[in-house]
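These are my notebook entries on one protein chain. I set down what I looked up, entry by entry, in the order in which I went through the model.

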Amino acid sequence: SSGINAEYGADYLSRYWGVISLPEERNSFLVLEDLTSQFSRPSILDLKIGSSREYSEDMDKGRVAEKIQKSLRRTTHKMGIRVAGIKSYNCMEDFGTFSLTKKEGGLLTEVTIRDTL
């Protein structure tokens, strides 16, 4: 087969199933294959790579300024990466997990991100 999945390893990329919009939500959501379903204790790292703009053209100037200031404090600005979440099973000790939420990941610094990863 051809395409990006074959070229970069289809076993490691989620299949794209489409987009859904829930009546109670304002946003739409991508539906992706769950690559962890075959594992009893998967470890997952949600790492955002590259820079991104966290504001839209239709936001007022005050809100844009807030978003820019927030992005300057994140690891994305200086390192080009941001931890959006971690759930890691401790296989060496055979118990427990280590978790990091999106909010906690946003508070990491250049020093603490290295220790965390």
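**Entry 1. Terms and overall layout**

I note at the outset that the model is predicted.

I looked up the secondary structure and found 5 helices and 5 strands in the protein chain. I then wrote down their order from the N terminus, which is α-β-β-β-α-α-β-β-α-α. Of the 117 residues in the protein chain, 15% are buried. I put the accessible surface at about 9,600 Å², with 52% of that area belonging to carbon and sulfur atoms. For contacts between residues at least 6 apart in sequence, I recorded that 41% join residues at least 24 apart.

**Entry 2. The nonpolar core**

Which residues make up the largest nonpolar core? I found 6 residues in it: I81, V83, I86, L100, L108 and I113. Strand 4, residues 81-89, gives the most to this core, with 3 residues. As background, I recall that nonpolar side chains tend to be buried together in soluble globular proteins.

I next turned to R82, whose place is in strand 4. Is R82 buried or exposed? Its relative accessible area is 14%, and the cut-off for buried is under 20%, so I count R82 as buried. Apart from neighbours within four places in sequence, I found R82 in contact with D46, L47, K48, R74, T75, T76 and K102.

Y89 also lies in strand 4. I recorded a relative accessible area of 15% for Y89, so this residue is buried. The side chain of Y89 makes a polar contact with the side chain of R41, at 3.4 Å. I also looked up the spacing between Y89 and S40: the two are 49 residues apart along the chain, and their C-alpha atoms are separated by 10.0 Å.

I checked L32, which has its place in strand 2, and it counts as partly exposed at 47% relative accessibility.

S28 is partly exposed, at 47% relative accessibility. Beyond the residues up to four places away in sequence, S28 touches V19, I20 and S21. With S21 I found a polar contact from side chain to side chain, at 2.9 Å.

**Entry 3. Salt bridges**

How many salt bridges are there? I count 4. As a general point, side chains of opposite charge can pair when their charged atoms come close.

I looked at the pair E33 and R15, where the closest N and O atoms are 3.0 Å apart. E33 lies in the loop between strand 2 and strand 3 (44-49), and R15 in the loop between helix 1 (4-8) and strand 1, so the pair ties together parts that are 18 residues apart in sequence. I recorded E33 as partly exposed at 23% relative accessibility, and R15 as partly exposed at 47%.

D46 and K48 meet through their side chains in a salt bridge, at 3.0 Å from N to O. D46 is partly exposed at 32% relative accessibility, and K48 is partly exposed at 37%. I note again that D46 and K48 are among the contacts of R82.

R63 and E66 form a salt bridge at 3.5 Å, N to O. The two are 3 residues apart in helix 2, which means that about one helical turn separates them. R63 is partly exposed, with a relative accessible area of 37%.

**Entry 4. A lysine in helix 2**

K67 counts as buried at 18% relative accessibility. Not counting residues up to four places away in sequence, K67 touches E54, Y55 and M59.

Key
Residues are numbered from 1 along each chain as its sequence is written. This is a predicted model: local features need pLDDT of at least 70, side-chain atom pairs count only at pLDDT 80 or more; totals for chains, interfaces and linings use all residues. Side-chain values use heavy atoms; hydrogens and water are left out. A nonpolar core is a set of buried Ala, Val, Leu, Ile, Met, Phe, Trp, Tyr and Cys residues joined through side-chain atoms within 4.5 Å. Buried means under 20% relative accessible area, exposed over 50%, partly exposed in between (1.4 Å probe, protein chains only). Helices (H or I, at least four residues) and strands (E, at least two) are DSSP runs, numbered from the N terminus. Contact means heavy atoms within 4.5 Å. Accessible areas come from the Shrake-Rupley method with a 1.4 Å probe; for residues, only the protein chains shown count as cover. A polar contact is a pair of N or O atoms within 3.5 Å; within protein, one must be able to donate a hydrogen and the other to accept it, and residues adjacent in sequence count only if both atoms are side-chain atoms.
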